[in-house]
Amino acid sequence: MSHYEAPIREPLVLGNKSYHDITEDIAKPIEGKANKNWYIAFYISLAAMLWGFGCIFYTVGTGIGVWGLSKNIGWAWDITNFVWWVGIGHAGTLISAVLLLFRQKWRMAINRSAEAMTIFAVFQAGLFPIIHMGRPWNGYWVLPIPNQFGSLWVNFNSPLLWDVFAISTYLSVSLVFWWTGLLPDFATIRDRAVKPFQKKIYSLLSFGWSGRAKDWQRFEEVSLVLAGLATPLVLSVHTIVSMDFATSINPGWHSTIFPPYFVAGAIFSGFAMVQTLLGIMRKVTNMEAYITRLHVEYMNIVIIVTGGIVAVAYATEFFIAWYTGSPYEYYTYLSIGAETGPYGWAFWSLLICNIFTPQLLWIKKIRRSFIWSFIISIVINIGMWFERFDIIAIVLSKGHLPSTWWRFEPTFVDVGIFIGTIGFFFVLFLLYARTFPVIPIAEMKTILKSSGENYKKQRDGISTSQVEDNNTING
């Protein structure tokens, strides 16, 4: 790997960092005491999580009737939240797999947290279909396994079953990918550990990593193979989620544009969530030198591109709903009927958050600002939640028969479970930030000489003095 990089490129590691400093900085949150901010964030998240679990127990004990569902709107908040969480998980795999294949150096500082985010988000997503069954103890019926009903098979024609396979594959590949990257770092922590118990735990977690050349060779090979496997998953998982809608015959759902549009939307919301989390994590774990304005800018560029694709998809949907001239299409989630109907507020929230707000990122000052990126990322995720809500609630509220029309109103249990999953997600993430190296130590060291600020300055100094010498000789 070349140690040189064009001087015009900005450094990815700020300050006068050495190899030892990288290890010290990244190991500090694990080996030291948590700061006050961490405890505040943790207790708020824990309270939200416990409230959510209370609502889940209430739902299972009483029945799905405690949600705001009716016989017409059988999917509502729960499937909205399911699709939202699966979408958030997408950026992790994209950053790790696709950017690894493209040899992008800026992924180093953010890939670990993005992968952790993927796994924790898929956990939250998986909760919703299970509690939506109403009888979660029969959840294993979705698996094609021998059962007490003779030769009763699951329905392989159902996109809901494809979902089960897609998401379980996604979770397992992401988990293996994440853990493989963690092995050398766990070994570093193991070797630095002072307490015998901590040493024992990290010895188990690092699977006997010894740092021989053979270990590194296998590590590189396995990472590449897993990246190759995970790349199609970025496309396939959300395509299958979109088929839950696109293979039905409801006006507004029955649409061939759904798979690419859902994938772009997933990457869009996923990168927004990475921005939100890294904004918090930079402060909580003092990683300002490693997560720089350049990382924020590159992620914002991805958000602009995927946001553009989503905007084109919205325009297409809106146009087609009008162009068909079908009265049923008049009430789909992106139509004049939706804009002026009882869900007008949700329609406008979607457009403002997902189309208008990201356009601010064209301005370089905003694109490179931590505060603005943090605010815009939260707005985008609110908008992406509304997109899923609109697709489900607006389309189902107006069926073919006016007698089936119904307005969905969430109950406190719906809201409670959703807030609970957000709390659960942050509890997992905050615990991860205290026990796992949040930035890959080994990988950051590979880019220190090429992209570290002090090394770039030294090289720049050498090259300018060489130019001056040459001028003197030639003069």
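How many of the residues of H3 are buried? The count is 12 of 12, and H3 is mostly covered. The model is predicted.

**Close-up 1. Helix H3 is mostly covered.** H3 runs over residues 77-88 and holds 12 residues. From its first C-alpha to its last, H3 reaches 16 Å. That is close to the 16 Å expected at 1.5 Å a residue.

**Close-up 2. Trp 84 and Trp 85 form an edge-to-face pair.** The model has 46 aromatic pairs. In the pair of Trp 84 and Trp 85, the rings lie 5.0 Å centre to centre, with 70° between the planes. An angle over 60 degrees counts as edge-to-face, so this pair falls in that class. Trp 84 has a relative accessible area of 7% and is buried. Trp 85 is buried too, at 0% relative accessibility.

**Close-up 3. Trp 385 and Phe 389 are stacked.** The ring centres of Trp 385 and Phe 389 are 5.3 Å apart. Their planes meet at 10°, so the pair counts as stacked. Both residues belong to helix H14, residues 370-397. They are 4 residues apart, about one turn of the helix. Trp 385 is buried at 9% relative accessibility. Phe 389 is buried as well, with a relative accessible area of 3%.

**Close-up 4. A nonpolar patch lies on the surface.** Six side chains make up this patch: Tyr 140, Trp 141, Leu 143, Ile 145, Phe 149 and Leu 152. Together they have about 580 Å² of accessible area. Ile 145 sits in the loop between helix H5 (111-132) and helix H6 (159-192). The relative accessible area of Ile 145 is 39%. Buried means under 20% and exposed over 50%, so Ile 145 is partly exposed.

**Close-up 5. The charged end of Arg 282 sits over the ring of Phe 370.** The distance from the charged end of Arg 282 to the centre of the Phe 370 ring is 3.8 Å.

**Close-up 6. Arg 434 lies over the face of Trp 38.** Here the distance from Arg 434 to the ring centre of Trp 38 is 5.7 Å.

Terms used. Residues are numbered from 1 along each chain as its sequence is written. This is a predicted model: local features need pLDDT of at least 70, side-chain atom pairs count only at pLDDT 80 or more; totals for chains, interfaces and linings use all residues. Side-chain values use heavy atoms; hydrogens and water are left out. Helices (H or I, at least four residues) and strands (E, at least two) are DSSP runs, numbered from the N terminus. The expected span of a helix is 1.5 Å times one less than its number of residues. Buried means under 20% relative accessible area, exposed over 50%, partly exposed in between (1.4 Å probe, protein chains only). Patches are made of residues with over 30% relative accessible area and no salt bridge: like charges are joined within 9 Å, nonpolar side chains (Val, Leu, Ile, Met, Phe, Trp, Tyr) within 5 Å. Accessible areas come from the Shrake-Rupley method with a 1.4 Å probe; for residues, only the protein chains shown count as cover. A salt bridge is a side-chain nitrogen of Lys or Arg within 4 Å of a carboxyl oxygen of Asp or Glu. Rings of Phe, Tyr and Trp (its six-membered ring) pair if their centres lie within 6.5 Å; planes under 30 degrees apart count as stacked, over 60 as edge-to-face and the rest as tilted. A charge sits over a ring if NZ of Lys or CZ of Arg is within 6 Å of the ring centre and within 35 degrees of the ring normal.
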